[in-house]
Amino acid sequence: MASFSIDHHKARTGRVTWDDLDLTAFGTDRLPEGALRCLRSMHDVEHHTICYLREVLVTPAHRDPELTTFLSLWAFEELWHGEALAAVLDAHGEPAGTARVAASRANLGARDHLRPLLIGLAGWAAGDDFVAVHMAWGAVNELATRAGYARLVERAGHPVLTELVSRILRQEGRHAAFYLAQAHRRLEASRRARCLTRAALRHLWQPVGSGVMASAEAAFLVDYLFGGADGRRAADRVDRQLDRLPGLCGLGLLRGAVDARTTARPAVGEASSSRR
Ligand SMILES: [Fe+2]
Ligand SMILES: [Fe+2]
């Protein structure tokens with residue numbers, strides 16, 4: 001497992017930029033409706049990062065300065081991913097940014113109040129081993145996000161989106177590397193952490209964003225990005241990366257989520273043309 005230098009990461013962190021890209025191109029060459037629908041969900045999830053951060057910081061993670069350094073930079077970069085996607089939605093005449101985020105947070109419900117409390121209690125009971133759960137959870141989500149973005153540009157086939165997302169992907173790759181390195185170190189060091197993490201992922205993990213969007217949107221996102229043969233291959237690649245973490249071999253999380261939400265047929269809207 002590759003090591004991760006927080007100092008190197010600190011030096012490279014920055015907001016993703018798109019000022020040099022011609023987003024007006026979307027006015028005449030719009031993204032396909034399926035890709036736009038995915039972008040709306042991805043916009044909401046990126047903007048929700050600060051709420052995930054709230055849940056990590058109620059655990060013993062807040063005592064580790066390397067973790068808190070990473071998490072500060074992570075929240076900043078994810079915010080700008082959300083802003084970049086907001087710019088794309090805006091170029092399509094769609095509501096995005098603060099107004100859309102406020103509406104999405106207004107629908108979070110009672111679970112949103114309870115989650116930090118329950119996670120805080122679990123973190124108190126499990127101690128440092130609980131941080132391993134969060135790091136492995138973060139690794140799954142970052143890897144799945146990265147694979148999802150790659151699938152989105154493949155399916156949309158739009159040069160401006162491809163360039164913008166390739167910039168986002170470089171940062172997502174570093175996020176995944178951090179979580180993988182942390183998870184590997186913590187899981188290797190503790191049998192209890194391996195048992196806890198495996199059980200938590202197997203019984204509680206849902207595709208990233210499931211708690212933020214309506215279940216129909218979550219199912220659409222999974223089907224559009226990971227349905228069909230190419231999508232399933234991408235999901236399997238994510239699962240194989242997780243297999244390399246101590247104690248997590250064979251979970252098949254993403255492929256299981258795809259199979260549960262789709263049937264073995266081409267992904268929704270998938271055809272043989274490049275613009276789908
Ligand atoms: Fe992101
Ligand atoms: Fe990320």
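Predicted model: local features only at pLDDT ≥ 70, side-chain atom pairs only at ≥ 80, totals over all residues.
First, the ground rules. Residues are numbered from 1 along each chain as its sequence is written, and chains are lettered from A and ligands numbered from 1 in the order in which they are written. Local features need pLDDT of at least 70, side-chain atom pairs count only at pLDDT 80 or more, totals for chains, interfaces and linings use all residues, and side-chain values use heavy atoms, without hydrogens and water.

The chain averages a pLDDT of 92, pLDDT being the predictor's confidence in each residue, from 0 to 100.

Now the iron. Which residues are the protein donors of the iron ion (ligand 1)? They are Glu-46, Glu-78, His-81 and Glu-172, at 1.9 to 2.3 Å. Donors are N, O and S atoms within 2.8 Å of the metal (3.2 Å for Na, K and Ca); water is not among the atoms, so sites may look incomplete. Glu-46 lies in helix α3 and Glu-172 in helix α9, so the pair ties together parts 126 residues apart in sequence. Helices are DSSP runs of H or I, at least four residues, numbered from the N terminus. Glu-46 is buried, at 6% relative accessibility, and Glu-172 is buried at 0%; buried means under 20% relative accessible area (1.4 Å probe, protein chains only). Glu-78 also coordinates the iron ion (ligand 2), 3.7 Å from ligand 1.

Last, the helices. The axes of α8 and α12, lines fitted to C-alpha atoms over the stretch in contact, come within 10 Å and cross at roughly 155 degrees. Angles run from 0 to 180 degrees between N-to-C directions. The two are therefore roughly antiparallel, the term for angles over 145 degrees. Residues in contact (heavy atoms within 4.5 Å) include Leu-143 of α8 and Val-238 of α12.

Terms used. Buried < 20%, exposed > 50% of the residue type's maximum accessible area, 1.4 Å probe, protein only. Parallel < 35°, antiparallel > 145°, perpendicular 65-115°, else oblique.
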